[in-house]
Amino acid sequence: MAQFQRTASVSTPAGASWRDYYELTKPRVVAMLLLTALVGMCLATPGWPPWSAVLVGLFGIGAQASAAAVFNHVIDWKIDTKMQRTRHRPVAEGRVSQGAALAFAVGLMVSGFIACWWLNPLTAWLTFASLVGYALVYTQWLKPATPQNIVIGGLAGAMPPLLGWTAVTGELHAHALLLVMIIFTWTPPHFWALAIHRRHDYAKADVPMLPVTHGVGFTQTMVLLYTLLLVIVGILPWLTGMSGWLYLVGATTLNLVFVGYAWRLKTQSQKGIAWQTFKFSIWHIFATFVVLLADHALLY
């Protein structure tokens, strides 16, 4: 927390609005996390899970994921001011003080933990561990220290399906870990495509992302290899009997298209391919979990 300004106060700068606080929570990212958590909830039971578990679980997971995002804004404020993509964020631009953002994050964290605890302690502690993994382990330590930051730190972002599963059942299960593996394998090529597109930004901010430390060519190769690995990981839910043919066909098609984008990224010098790959990767993970849900609905 050494990066926090000593002059930060809990008061909010004049002009801060609810939209600034909403932006602090990274709502689009949290919405995607909640989708994967919902799929974990649904796949944990043959039918529709109890409404109480769904509503309370999504609130608790969402609140703690939002808190992690706010902590990220506070910890990364100096880096954010140096990057074109992030320099207009509320804390970086001074629209929300660091103290006010911290108070907001703590409120979200506590309310989310209480909601998850109401369901079961396992979900509460796993969700809190994910928050710590993203806000501290990734943002505070790994991001400025190693180009493998997103590989190691990506585990925190891959946890929501497991959290959704435990919110309904109160137990860990190997099938839930398969869902985690899908997101864990998807995260590096997703983020490295963005890092290639924004490599000059990361270099200017002195963040050791893979394209900065090892070059674009090496990063393109790693994106391709990880997408190939994703094809293999994507088959596991079908091989284990967790999902049926609809998932196998849908997920394999999506994964092969992702490989196609990664191949273009590696073999073509056309401007904008990295950005196209990044944008497709977002739709890829969204569609993969929608197919998982549709397949489960057909099976049960």
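Which residues have the most contacts inside the largest nonpolar core? They are Met41, Leu43, Ile182, Phe289 and Leu292, and that core has 40 residues. A nonpolar core here is a set of buried Ala, Val, Leu, Ile, Met, Phe, Trp, Tyr and Cys residues joined through side-chain atoms within 4.5 Å. Buried means under 20% relative accessible area, exposed means over 50%, and partly exposed is in between, with a 1.4 Å probe and protein chains only. Apart from this core lies another, of 27 residues, including Val151, Tyr202, Ala205 and Leu265.

Some ground rules. This is a predicted model: local features need pLDDT of at least 70, side-chain atom pairs count only at pLDDT 80 or more, and totals for chains, interfaces and linings use all residues. Residues are numbered from 1 along each chain as its sequence is written, and side-chain values use heavy atoms, leaving out hydrogens and water.

Back to Ile182. Not counting residues up to four places away in sequence, Ile182 touches Leu230, Val233, Pro237, Tyr247, Ile285, Thr288 and Phe289. Contact means heavy atoms within 4.5 Å.

Next, Trp186. Trp186 is in helix α9, residues 174-197. Helices are DSSP runs of H or I, at least four residues, numbered from the N terminus. Is Trp186 buried or exposed? Buried, at a relative accessible area of 10%. Beyond its neighbours within four places in sequence, Trp186 contacts Leu230, Phe258, Ser281, Ile282, His284 and Ile285. Its C-alpha atom is 9.2 Å from that of Ala158, 28 residues apart along the chain.

Now the rings. Rings of Phe, Tyr and Trp (its six-membered ring) pair if their centres lie within 6.5 Å; planes under 30 degrees apart are stacked, over 60 edge-to-face, the rest tilted. That rule gives 16 aromatic pairs. One is Phe113 with Trp125, edge-to-face, 5.0 Å centre to centre and 70° between the planes. Phe113 sits in helix α5 (residues 98-119) and Trp125 in helix α6 (residues 121-142), so the pair ties together parts 12 residues apart in sequence. Trp125 is partly exposed, at 49%. Phe113, Trp117, Trp125 and Phe128 form one aromatic cluster.

Another pair is Trp192 with Tyr226, also edge-to-face. Their centres are 5.5 Å apart, with 80° between the planes. Why does this pair tie together parts 34 residues apart in sequence? Because Trp192 lies in helix α9 and Tyr226 in helix α12, residues 216-239. Trp192 is buried, at 0%. Tyr226 is buried too, at 18%.

Technical notes:
Helices (H or I, at least four residues) and strands (E, at least two) are DSSP runs, numbered from the N terminus.
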